[in-house]
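The following exercises concern a single protein chain. Please work through each task with the structure in view before reading the solution.

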Amino acid sequence: MDASSDPAVQRVPPYRGTESGLASTFLGAVVFLASPVVAILATQVWAFADRTPNVVLLHAWLARFAVGIPVLLATGGLWMGAAGYRDARRAGQPAPLAVAGLLLSGVGLCGWVLAGIVLLNTTESMLQISK
């Protein structure tokens, strides 16, 4: 049975796997590049931030909300990469963008978890000191 007679191959639009892989690669790259920047920002906040209790409380609340957004982006990148890989395989096409997106999103998610821990620990310790 060749690829043209397989019904699963015919149902997938021709470039759907590539498009999903490209979206996954972009999302993964953004999270991957943002995580070390946030880790450096956390040390700068510790060194130079205003220690007024209300400002410290604002930093802590903003950090708690901000940590979740890149986790959602990286998770979406993983999902799109997996979908792109699956669709490329169904269409009988190579899937380098989907694999790159999966890798970048996975590494970006790991890096962001570490950067998020640093940011949350920084703001929580600032809360303890300001009390």
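Helices (H or I, at least four residues) and strands (E, at least two) are taken as DSSP runs, numbered from the N terminus. The model is predicted, so local features need pLDDT of at least 70 and side-chain atom pairs count only at pLDDT 80 or more, while totals for chains, interfaces and linings use all residues. Residues are numbered from 1 along each chain as its sequence is written, and side-chain values use heavy atoms, with hydrogens and water left out.

**Exercise 1. Overall form**

Task: Describe the fold elements and the overall dimensions of the chain.

Solution. Step 1: the chain has four helices and zero strands, and the order of its elements from the N terminus is α-α-α-α.

Step 1: the radius of gyration, taken over C-alpha atoms, is compared with a globule rule of 2.2 Å times the number of residues to the power 0.38. The chain has 20 Å, whereas a compact globule of 131 residues would have a value near 14 Å.

Step 2: the C-alpha trace spans about 70 × 20 × 15 Å along the principal axes of the chain.

**Exercise 2. Surface, burial and contacts**

Task: Characterise the surface of the chain and the sequence range of its contacts.

Solution. Step 1: accessible areas come from the Shrake-Rupley method with a 1.4 Å probe, and for residues only the protein chains shown count as cover. The accessible surface of the chain is about 7,800 Å², and carbon and sulfur atoms hold 74% of that area.

Step 1: a residue is buried under 20% relative accessible area, exposed over 50% and partly exposed in between (1.4 Å probe, protein chains only). Of the 131 residues in the chain, 33% are buried.

Step 2: contact means heavy atoms within 4.5 Å. Among contacts in the chain with a separation of 6 or more, 88% join residues 24 or more positions apart.

**Exercise 3. The nonpolar cores**

Task: Identify the nonpolar cores and the elements that supply the largest one.

Solution. Step 1: a nonpolar core is a set of buried Ala, Val, Leu, Ile, Met, Phe, Trp, Tyr and Cys residues joined through side-chain atoms within 4.5 Å.

Step 1: the largest nonpolar core has nine residues, namely Val-31, Val-38, Ala-42, Ala-63, Val-67, Ala-74, Trp-112, Ala-115 and Leu-119. The elements giving two or more residues to this core are H2, helix H3 (53-90) and H4.

Step 2: a second, separate core has six residues, among them Val-45, Val-56, Ala-60 and Met-126.

Step 3: Val-67 touches Trp-112, Gly-116, Leu-119 and Leu-120, leaving out residues up to four places away in sequence.

**Exercise 4. Three further positions in helix H2**

Task: Classify Ser-20, Phe-26 and Val-45 as buried or exposed.

Solution. Step 1: Ser-20 has its place in helix H2 and is buried, because its relative accessible area is 16%. Beyond its neighbours within four places in sequence, Ser-20 is in contact with Met-80, Gly-81 and Gly-84.

Step 1: Phe-26 lies in helix H2 and is exposed, because its relative accessible area is 54%. The C-alpha atoms of Phe-26 and Leu-104, 78 residues apart along the chain, are separated by 8.6 Å.

Step 2: Val-45 lies in helix H2 and is buried, because its relative accessible area is 14%.
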